[in-house]
Amino acid sequence: MDELDMALHSVNSLIKESREYKTYVFARNALLTKEKLYKELMEFKRRYTDIERYTDGNPYDELYKLYQENDELIHNSAVSEYLRAESAFSKLIRHVTDEIYRGLLWQDLKFQDQ
């Protein structure tokens, strides 16, 4: 294992110790015990992604309709807990990747000035 792999392993370990990760895993596992609910949510997320990807212009009306059709699903306590946990975990991962990117960019800019 080279130095970069060792550092990545350390970052992964730190992420797994985070509150965001632990909350996400707990919420995901709780939702997975409700197979029908989990499948409905995955179908909702697939349709949401399709609307965002393939709708020309502003997808607001289509997304609004999707949310209206799935109001009960979205407001289910297990689903909303999962979605909140997933969002917080995603923010953590974005923060980690943004910091890596900023560190690389800063290094490149410092190198050019010398």
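Helices here are DSSP runs of H or I with at least four residues, and strands are runs of E with at least two, numbered from the N terminus. Keep in mind that this is a predicted model.

Q: How many helices and strands does the chain have?
A: Let's start with the secondary structure. Reading along the sequence, you get the pattern α-α-α-α-α-α. The count for the chain is 6 helices and 0 strands.

Q: What radius of gyration does the chain have, next to that of a compact globule of 114 residues?
A: A compact globule of 114 residues would come out near 13 Å. The C-alpha atoms here fill a box of roughly 60 × 40 × 20 Å along the principal axes. For the chain itself, the radius of gyration is 19 Å.

Q: What share of the residues of the chain count as buried?
A: To count as buried, a residue needs a relative accessible area under 20%. Of the 114 residues, the buried share is 21%.

Q: Are α1 and α2 roughly parallel or roughly perpendicular to each other?
A: Two packed helices are described by the angle between their axes and the distance between the axes. For α1 (residues 3–17) and α2 (residues 19–32), the axes come within 4 Å and cross at roughly 65°. Angles of 65 to 115 degrees count as roughly perpendicular. So α1 and α2 are roughly perpendicular.

Q: Which residues make the contact between α1 and α2?
A: On the α1 side, you'll find I15, K16 and E17. By class, the contact has 2 nonpolar, no polar and 4 charged residues. On the α2 side, the residues are R19, Y21 and K22.

Q: Is α3 roughly parallel or roughly antiparallel to α4?
A: The axes of α3 (residues 35–54) and α4 (residues 60–69) come within 10 Å and cross at roughly 170°. An angle over 145 degrees counts as roughly antiparallel. That makes α3, relative to α4, roughly antiparallel.

Q: Which residues of α4 do the residues of α3 meet?
A: From α3, the residues taking part are F44, R47, Y48, I51 and E52. The contact of α3 with α4 has 6 nonpolar, no polar and 4 charged residues. The α4 partners are E62, L63, L66, Y67 and E69.

Q: Is N70 buried or exposed?
A: N70 sits in the loop between α4 and α5 (71–74). Leaving aside neighbours within four places in sequence, N70 is in contact with F44 and R47. Its relative accessible area is 15%, and under 20% counts as buried. So N70 is buried.

Definitions and conventions. Residues are numbered from 1 along each chain as its sequence is written. This is a predicted model: local features need pLDDT of at least 70, side-chain atom pairs count only at pLDDT 80 or more; totals for chains, interfaces and linings use all residues. Side-chain values use heavy atoms; hydrogens and water are left out. Axes are lines fitted to C-alpha atoms, for helices over the stretch in contact, and angles run from 0 to 180 degrees between N-to-C directions. Angles under 35 degrees count as roughly parallel, over 145 as roughly antiparallel, 65 to 115 as roughly perpendicular and the rest as oblique. Contact means heavy atoms within 4.5 Å. Ala, Val, Leu, Ile, Met, Phe, Trp, Tyr, Cys and Pro count as nonpolar, Asp, Glu, Lys and Arg as charged, and the others, Gly among them, as polar. The radius of gyration is taken over C-alpha atoms; the globule rule is 2.2 Å times the number of residues to the power 0.38. Buried means under 20% relative accessible area, exposed over 50%, partly exposed in between (1.4 Å probe, protein chains only).
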